Amino acid sequence: MTTELLMWLIPLPPALAFFAILLFTNKSKALSHTVGVGAAFLSWLGAMIVFVRALGVENLARNPFVSRINWMPTGDSYFQIGVQVDPLTAVMLFFVTLCVLMIFIYSVGYHNFGQPKGDHDVKGLPPHGATVDGHAVPSVEPMYSRFFAFIGLFAFGMLALVLTDNVLVMFMGWEIMGLCSYLLIGFWYAKPSARDAAVKAFMTTRVGDVFMLLGIAFLYSVTGSLSYKDVFSENVLRALASVPSGVFGLSAAGLIGLLLFIGTIGKSAQFPLHVWLPDAMEGPTPVSAMIHAAAMVSAGVYAVIRMFPLTSLDPKTMSFIAFIGAFTALFAATIAVAQNDIKRVLAYSTISQLGFMIAALGIHAYVAATFHLVTHAFFKALLFLGSGSVIHGMEHGVLHTGNHKVDPQDMFNMGGLRKKMPITFWTFLIGGFALSGFPLVTAGFWSKDEIFADAWAHGHWAVFLTLALAAFLTAFYTMRQITLTFFGEARTEEAKHARETPWTMTMPLVILSVFAVGYGWLGMPHWLTGGLVPNWFHDFVGSMLTEHQAELGFNIVPLATSLVVALGGLAAGYFMYRDVKSAAEDKLQIPVLVNKWYVDEFYQVALIQPAIWFSDTFVSKWMDKGFIDGILHSFGPATGGVGRVIRERFDIPVVNQFFGDGASEASWWLGRNLRPIQTGRIQQYLVLTLVILLAVGGLIYFLLTA
Amino acid sequence: MDFLNTHLLSLILFVPTIAALIMLLLPNDARLQRWFAFGASLISLVLALVLWSKFDPAAVGFQFEEKYVWYEALNSTFHLGVDGISFSMILLTTILTPLAILASFNISDRVKTYMMLFLFLETGMLGVFMALDLLIFFAFWEIGLVPMYFLINQWGSANKDYASLKFLIYTMGGSLGLLLAVQMLGVLFGTYDLVALYEKWTALPADLPLMGMTVGTVKTIAFWAFVVAFAVKVPLWPFHTWLPDAHTEAPTAGSMLLAGVLLKLGAYGFIRLVLPLYPVESKYFAGALAFLAVAAIVFGAFGSFGQSDFKRLVAYSSVNHMGFVVLGIAAAALAVGTMDARTAMNGAVLQMFNHGLSSAGMFFLVGVIYERTHTRDLERYGGLFTLIPAYGALLIFTSMASLGLPGLNGFVSEFLVVRGAYQPLTAYTFISMLGLFFTGAYILKAIKKVLHGPLDEQWAHGEHKISEINLREVLVMAPLMILMLLTGIYPMWILDIINKAVTALF
């Protein structure tokens, strides 16, 4: 099969699986997950083949695999869409398809395939467990098939976004993922919290999306094309950089970059549009992994990386990007330290880590940002699936004790799980260390260190310090999480009865943990390896840029900083939480942090309530029903009024009374007054006739002679 | 066969009317009457497909022209013809009418009259899209009102008298100026033929004296007379308040055609009459038009978000979506002759087609749930997804098309409009994004209230137990959904025809 054809085929299996499951295999759970997982496998296989072939191409960045078709007529020519594999797409494909496949397999176990139907389970709510021989056991998800359909579509959206050669299809994949995140966050739609979280996710990201759409429209109208090849050609870029946009003193390139970046702020949950991501935890855990690692938020960062040649032309836009990224990295990290829900901690850590990548891009650290995107995807997918495994184990305990008041996601209900769930523990530990940037062995260390090195080498002090502080907090809250969850003694009866999860869940954890460690070795700097191993990642991805960014040499300051913050944070986290028994003993439960800096509350008061008031009171009641309809309704009385005036002032007095009644009155009067001459006497009549004859005769005579 | 070729448009146009007249003779058997009406509307559809197969997109000007003497004293001829723009509307009309009739199979009250009205309505709508003579255009324009008036007035819900009267008087009142302006053109040039008027009317120099004024002034007045008539129909803000009432009270199938086709008549009037007859004025007043369009987009979206009645919410969404059509038209008028204009106009026409599909689908789905629950109050639903998953899937699909989700039809046309309007009308395009954002808000509000959340138990058991969407109803939705998906994934199939006509005209 040619590579071109294969590229077209890669995104299709999950999309077909979506339709096949919804339309045909919906009734059979086994068939549905076979279709779903099979589709993910085919995409992965196709992606691997393309990846390997891509590695064999000399200078792939200049000679990417491309294939295009006409899609939409525009005047005399056609808008083309196509697929393209260059080094950036290749590395994206590698981790996206792998994570997706792992998440699909994991979902089989997570949704309790093979378990009995629940006693009281209904569609739209999480399963509550079944009774078998008097024992409570987990029950299978009632909407099992539907889940595989939805994540199939999700995977399609991401793959389309990664593989396309133009910004429009990128936006399409982007929006399709928006829909899928909506459907999956609200998967348990009967739960009001899940329902509201779904709406929130869709609407918050849509704020960014409409700006992005404007950016695309702007880009299209100034360059006449949306394909990467045309837009990133030297002439076009030079023109875009020199044309002023008339807004904020930005160049056209700067404004387009800014508008597209606002899309990323929404999709990658950067401040101030970060609020949807923590609430997205309402969805089933595999979805969280999908959103946080394989797709969605990675897509936002990918978009900035993809548009980098354009965005990087304007220093103002780049400063804005760096500021948003660095601020978000620290801001989210401060919230994460005070969260008690195991998934929420991870959610804020995602926001924070995405901030690292965005900040890196803002300071032109292109390769470092891409590297961190990939390593983060691996360890964050691992951590989410791990936390799902923990929750699953805890739910086992809850079913065992029957005490449904215990929240299986609250870390203060856990403790000592390392013995109960060893595979989950070790893999989670690897993921957590990678997130913290544990030196030398983990992938997270190498990618984060590269960002520090870049910030230091190019003199971005503020970014460097902010990120260093954020990295310290990251290591701290990660260790807090690991300590509370796995170390010490069980704090509840439920934690004592937690149980390791089935192989369909642990196998993906093991595979992902291999990459959470090993992938970092692909990007180890020269100074460490002494050139024995090439810095493959830097060479491969770095070739995307026209101006090759040379690899940075050794510098002690960023390296020492990375070491200190990672190890210091880990140690602090462990020692502070080693003996904490309950949330009440936790000194960091500061209200402003627990309540996430009150951003949600602020939006509620400042934006949402005014919008609702404006819609139903101002527009509907006052403007439409009151003012506009008021004017319309006044036409009725007004025309009626005119009619009444005519009737009362003219019809009745003039026509009816004066002419109508007047005429009858007059003839009546005339008749009455003529009555005296109607005597009935012939003589009188003859006399009268004579008189008239004479009078008329005289008159005629007079007229004729005169 | 030759007869078919030379009279294709008349056949498409009058088959429904002839069928309606034959229906008078049919025995009083509701089943027979339904199937007869359905069959008759399918004949028009088949003929429209024949038209498509013979249609030459690349040809400039009108095709399949027919011209008969009609009103000799006035020099009005019965002149029909189609180009790519009108063809897409004819296709839309002939697709939606059979579906609307199929959707009405549950009507049991005075079936014969009801079905006849629908067939008359089809002729009225098609006539507007085919007419190449101003007087014929106006005649069909008004003819379409009558069946719709009776459909709302006789088969509507509680507040039908108010709504039907408002609809009729508003639209007729709006067209008074149009009638006068049409008469003036007829008197001035001794013909109502559109093709001739395109040249003669635009060629008049602006400073020539006419009726005590200059031609320029007369043109400006006549321009606004045309605009008001069409703005009421589209409807543009602030002429839109008849629409929520008419839609809400109309029977389901009536709403489908009202939103699906009748609103397009107004937009079509802009494209077929206003822009070609008044190019200078259109360009001059494009900003004002864009202002009204953006007001419709923004206030339509807010208005929709503010409703608690499901059908009113969907009705307001039409104001929002049709605003994009007019924004595209305004951009095309302003930037005429450029790539922007063509893109915007392509978007506007495609948006008309797309809105026809999605709004008809939405109104039908509202009708389906209303028939089962006898309420349109959003607060009284809740969690119905569990009980009627297939209905829920169709509702989410259609809602997403309406929301403009990429991969479905609405996105392509909205993108084209935004792209085309960006350069000529940058500020308005930015403001319109507020409307696009709130499109999401009201669509999600509807889904949230109807399908999601805790189940309202009254619908789960007993006398109010809600039943799943049935096969006939799925068959109404299926063609619409297939077309939505097809247009979203591969817009070429229809856009190619539209684009060629647009490129030739603008």
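**Domains, chain contact and a helix pair**

Tutor: In this predicted model, the C-alpha centres of domain 2 of chain A and domain 3 of chain A lie 91 Å apart. The domain assignment places domain 2 of chain A at 314-367 + 396-594 and domain 3 at 604-705, while domain 1 covers 1-312.

Chain A also meets chain B: 41 residues of chain A are in contact with 44 residues of chain B. On the chain A side, at least two residues each come from β1 (65-74), α6 (167-185), α7 (192-223) and α28 (599-674). Of these elements, α7(A) gives the largest share, 14 residues. By class, the side of chain A that touches chain B has 26 nonpolar, seven polar and eight charged residues.

The helix pair itself belongs to chain B. Helix α10 (residues 215-233) of chain B packs against helix α12 (residues 252-277) of chain B at an angle of about 155°, and their axes are 7 Å apart. An angle over 145 degrees counts as roughly antiparallel, and α10(B) and α12(B) are therefore roughly antiparallel to each other. Their crossing is left-handed.

From α10(B), the residues in this contact are Phe226(B), Val227(B), Ala229(B), Phe230(B), Ala231(B) and Lys233(B). They meet Leu263(B), Leu265(B), Gly266(B), Gly269(B), Phe270(B), Leu273(B) and Val274(B) of α12(B). Sorted by class, the contact of α10(B) with α12(B) comprises ten nonpolar, two polar and one charged residues.

How values were computed
Residues are numbered from 1 along each chain as its sequence is written. Chains are lettered from A and ligands numbered from 1 in the order in which they are written. This is a predicted model: local features need pLDDT of at least 70, side-chain atom pairs count only at pLDDT 80 or more; totals for chains, interfaces and linings use all residues. Axes are lines fitted to C-alpha atoms, for helices over the stretch in contact, and angles run from 0 to 180 degrees between N-to-C directions. Helices (H or I, at least four residues) and strands (E, at least two) are DSSP runs, numbered from the N terminus. Angles under 35 degrees count as roughly parallel, over 145 as roughly antiparallel, 65 to 115 as roughly perpendicular and the rest as oblique. A crossing is left-handed if the near helix is turned anticlockwise from the far one by less than a right angle, and right-handed if clockwise. Two residues are in contact if their C-beta atoms, placed from the backbone, lie within 7 Å. Ala, Val, Leu, Ile, Met, Phe, Trp, Tyr, Cys and Pro count as nonpolar, Asp, Glu, Lys and Arg as charged, and the others, Gly among them, as polar. Domain bounds come from an automatic or database domain assignment.
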